[in-house]
Structures are given as structure tokens and as C-alpha cells.
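Please have the sequence and the coordinates at hand while reading.

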Amino acid sequence: MKLLTAAALGVSLAAASTTVLAESEHPHGGSLTVPIITTAFTESFNPYVDPTNTIAGIVFEPLAFINPMQDRTHYRLAERYEYGDDQRSITYWLRDGLQWSDGETLDADDLMYTFKLAKEVAIYDLAGVLASGRVTNVVKVNDRAVRFDLARPDTTIHWDLNTYMPLPEHIWSQAADPATFTNPQAIGSGPVTEVAYVRAQQMEICRNPHYFLEDRPYLDCIKYRAFNDNGQIQPALMRDEIDWGSNFIADIDKTYVAADPEHHHYWYPANDAINIYLNTKRAPFNDLAFRQALSVAIDRDMIVELAAYGYPTVNDFPGGIGHHFEAYMDPAIYDQYGWLGQYDPDRARELLDANGYVDANGDGMRDMPDGSELSFDIRVVNGWTDWVQTVQMVTEYLAEIGIEAHVNAVEWGVYDTSLKEGDYDAAINWSLLSTHPIQTYKEYYHTSRIGQIWHASHGVHSAHIDELIDNFGTLTNDADRAATLSELQRFTAENMPFIPVFSNPTWFQYSTSRVEGWPTPENPYVHPVFYTVGKKTLIFNNLYQK
């Protein structure tokens, strides 16, 4: 492991032009403390195998990211990109003078290697641009420029390419198995790369001596602390042991804010949609009527109020997107299918009775149409208390219509794998909070995403939907784009592979006791999400010690 030294902290940072949001400069020093729900930290610094979101965006940077709150692109390792005249290619230019944290040059060869790896090893094809065939070839133009050839004219491919994080070829090429490589020396491109220590319950990573941004970050280090669940994080926030929380906190005004009203704050802008995903490859979820019955059996208002203290927003839109994308919701879909999001247990009973789900053995609970037992699990991450409570309430509503369902709380690693591989009955999960809803639908439905992402293994797919998604980038006017989105919303409502429950807020608690520079409702310079690469990096680079 590359341990932090005083000399490393004293190395001058590489100069490079950048987007600077803060008008004033601030002294270096101090650290940021962030809570992570995990059983233990390990010496793993591979951003493509980063289940706790501690590495991506911190030890590694993306090429760029789009900031909807400012309607602009923030270039990170890339200084610009440009489409070809026929929109059949896009070329990215890396910044001049980039270095990896060990001092080696970061150039187009690294970018070429990263996409070569993405073609060979599925986990590195982060947005599926190679698996889907949208990118047909990657060509080195010169030491700083790489061109991506596209299968068809596509004006949206940058939304996905921006998310990839170049990897150091000189490090990764030495790995016996890239799929399991841990990058133990933490050689990266992000603002902090020097590992001070890794213990089971705490990890600290400090300033990259070769970071490309001049005089950034202001803070020297970021400390991660391990917690079992939201319930453990709440008292740590109240005691001011944590600077940046991204967790559900019960009754936050009375607990966190009241503990120190001068310094304890939160801001909860709209976020992704939270759904109950149903594995339609298994009975009884292969029956649309059964899926519809489940949807109308749950009282979303009460779930939001009781399980999540009213912080989320009820999502009764059956078209697959939440209120973050409210402007894209087609009212015609709601008019026709809105009943699917309304609490109506009598209608649920009617649907079940009509389709043979009755109590065959007299035990008071419904059975399958063939008389066999009807019982299933709903998977959730252990320790995510608001979601665990949500699933508990769903099982109670289902019991009221005679359906036996169980809360199945598992550790993140089990949850992660099972949802990606489709090894579940039902599961609560989010949707992709993306630049545009077409990316969310791609994660739901495109066959290239099956096995790669949590949202795509429910079993409802079609070649036509793949084609719709693939063609979106060729559309040149708003009416055609809206028509495609409406068709995707209708497909979702008609097939219901997942049940919308609520639109999540962005859980963002922050303390100004030690650190300033946060995005706020008054200065919303970026969506305040810790777990999104690019946005997280921008926030960290703007934080400074008081």
C-alpha cells in the first residue's frame, strides 16, 4: 500500500485550467468525514468494483459530467468533445499534462486501454456502449485524442461516454484478472489517492500529489467511517462526528437539526424513483394480473408518511419515472393507467379472484391457481431502515388481501449480485437518476444491460424496445423524442415489471461546524449526491476547512 507521507502532502499540484465555482481561494488543510454503510473496508481501489461508492469520483475521475442544475457540462479529465459532421463519431480530447498519482503520464493510450477492457470484461462497460453495439470502434487520434465510431448517427452518446473513468494501463495491464483486480496501491486520477490507512471500520485517503486541478482540493483528506445502518449514523450526525451524510434520518428537524441549529443542515431535492421490482421469470410474477393486483394493494401515501417520515413524494405514475423527470411524464399514460397507482384493495381482491388466486386449503391465505402454496420474499438491503420499513409495510398490505410475503433483508453484496443476476422474487430498488430519462429506460429494458445493472433483470424486454432506445440518439426534434418516451412509458404501464412506490428525495445532510462550501438551496451549484461520480467530485473540490 502506498502510505501517505509528509513529503507527498508538500508536493506542488500539477497546474491545469478548470471550472472553479468558488470565487475566493481557501487555505489547504482539514478533512471530510463521510459515513458508509458497510461491514468493513478493504484495500480495494478499483472504481469499477466499488460497491460502497468510496472510490469512483474520489480516487478516479470521469471524462466529464452533465450538471442539470446549471444546465452545463463540467469537463473533468477531458477538456472537450466534439461530434463528427455526420454524427457517426465523437472525439474526446484529454487535458494536457495529465498524470496518474504515481507520476506516470495519463494519455490516450490509457483511454484506449480502458475501452479495450470494457469490450473484454463486462463490468468495465459501465454504460453498456460496447455491449449494446452503439460504439463500433475506438480509434487513437493522437496522444490526447480518441475517436469513438458509432453504429448510427447519435447525438446522445456523450451522456454515457462521460461516465467512464480512464484507468492506468501500466497498472491494470499487470493484473492477472482485471475482473477481480483491487488496485491495492490506489494509483488513480482523482483529488485524493494517497492511502493513509485502511482499517475495518475506518479508512482515510489524502491528497493526490499529481492532481490536474491547480490548488485543489482544499481539504487534505477524506475519512470514511463504517456503520451497520442508518440508525447508527443518526447519533453520529447528531454528535457532529460526520460532515456529509447521505442517509435516511428519522424526524430530521427534531433529531439532527435541533442538536445544533447553527451548523446542522439538510437539503432534499428530488431524486430517483423507488420501485418494487418483480421477477417476471418466476410465478406468480409472470402473470400481469397478479402484478397489477400487487400494485393496487399498497397504500403509497401511508408508506411515505410512516416508513419515510413524509420526505419522499408518492409516485403513482405507472410509466416508470419519478418526479425528478416530471416534465417528461405523459399525461395520457396517467389517464389510462393511473388506476395502477391508486390504493384499491377491493380491486386487488377482484383481480386475484378472477385469475384463480384463491384460498384453496382454507388457511386464510391465497394459493396459486394450481392449488400450490403462494409465498414469496421481497429483498432489501439490511440496514437501509426506510426501505426495510417500506418493505415491511408492503408485506402487511399484501397480507390484508391474503398474500403471504416476507421481508428478506440481506447484506449489500448479496443484494447487489442477486438483483443483477435476477436471482430474486421481488426487490425494492431505485431507478437510474440520469441526465435524461432515455438513460433510465435503457437501464430498465435494454437487453445489453441484463446482468450488468440492478434494474434490468426483471424479465420484460423486447427487440422493439431495444431499437427504440438505440434510435433515440438519431432523433432531431423534440416531438419525435417525446413520442419515443411516451411509447416507453406505455410499455412500462402495460407490462408493469416493477411497481412504482415513491420518488426519493436526495438524502443530503451537512455540517458547517468544520467544513464550508456545500451546495445549498441558495447556492444549488450541483445536485448534492455523494454516490454520483462527477457531482461528488465537484462538491469535494469546493469544500474547505473553516
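A residue is called buried when its relative accessible area is under 20%. The model discussed here is predicted. In these terms, both Y311 and W507 are buried, and so are both W244 and W518.

**Aromatic pairs**

- The whole structure holds 48 aromatic pairs.
- Y311 sits in the loop between α8 (300-307) and β14 (313-314), and W507 in the loop between β18 (498-505) and β19 (509-511), so the pair joins parts that are 196 residues apart in sequence.
- A cluster linked by ring pairs contains F41, Y224, W244, W267, F508, Y510, W518 and F530.

**Helix α10**

- P345, A348, L351 and L352 are buried in helix α10, which spans residues 345-354.
- These buried residues line one face of the helix, because they fall within an arc of 115° when seen down the axis of α10.
- E350 and A354 are exposed on the other side of α10.
- The packing partner of the buried residues of α10 is α7 (288-297).
- G356, which follows α10, has a positive phi, near 90°.

**Cavities**

- Five cavities of 30 Å³ or more are counted.
- The largest cavity has a volume of about 80 Å³, and its lining includes R134, W159, D160, K442 and D470.
- At least two lining residues of the largest cavity come from each of α3 (157-161), α13 (437-445) and α14 (463-471), and α13 gives the most, with three residues.
- By class, the lining of the largest cavity comprises four nonpolar, three polar and four charged residues.
- The second largest cavity has a volume of about 60 Å³; among its lining residues are I276, L294, F376, V394 and I499.
- β13 (270-278), β15 (375-381) and α11 (385-400) are the elements that give two or more residues to the lining of the second largest cavity.
- The lining of the second largest cavity has ten nonpolar, no polar and no charged residues.

Note on methods: Residues are numbered from 1 along each chain as its sequence is written. This is a predicted model: local features need pLDDT of at least 70, side-chain atom pairs count only at pLDDT 80 or more; totals for chains, interfaces and linings use all residues. Side-chain values use heavy atoms; hydrogens and water are left out. On a 1 Å grid over the protein atoms alone, a cavity is a set of points where a 1.4 Å probe fits but cannot get out, and a pocket is an open set with protein on both sides within 12 Å along at least five of seven lines; lining residues have an atom within 4 Å of a point. Grid points are joined across faces, edges and corners, and a volume is the space filled by probe spheres set on the points. Helices (H or I, at least four residues) and strands (E, at least two) are DSSP runs, numbered from the N terminus. Ala, Val, Leu, Ile, Met, Phe, Trp, Tyr, Cys and Pro count as nonpolar, Asp, Glu, Lys and Arg as charged, and the others, Gly among them, as polar. Buried means under 20% relative accessible area, exposed over 50%, partly exposed in between (1.4 Å probe, protein chains only). The arc is that of the directions from the helix axis to the C-beta atoms. Contact means heavy atoms within 4.5 Å. Rings of Phe, Tyr and Trp (its six-membered ring) pair if their centres lie within 6.5 Å; planes under 30 degrees apart count as stacked, over 60 as edge-to-face and the rest as tilted.
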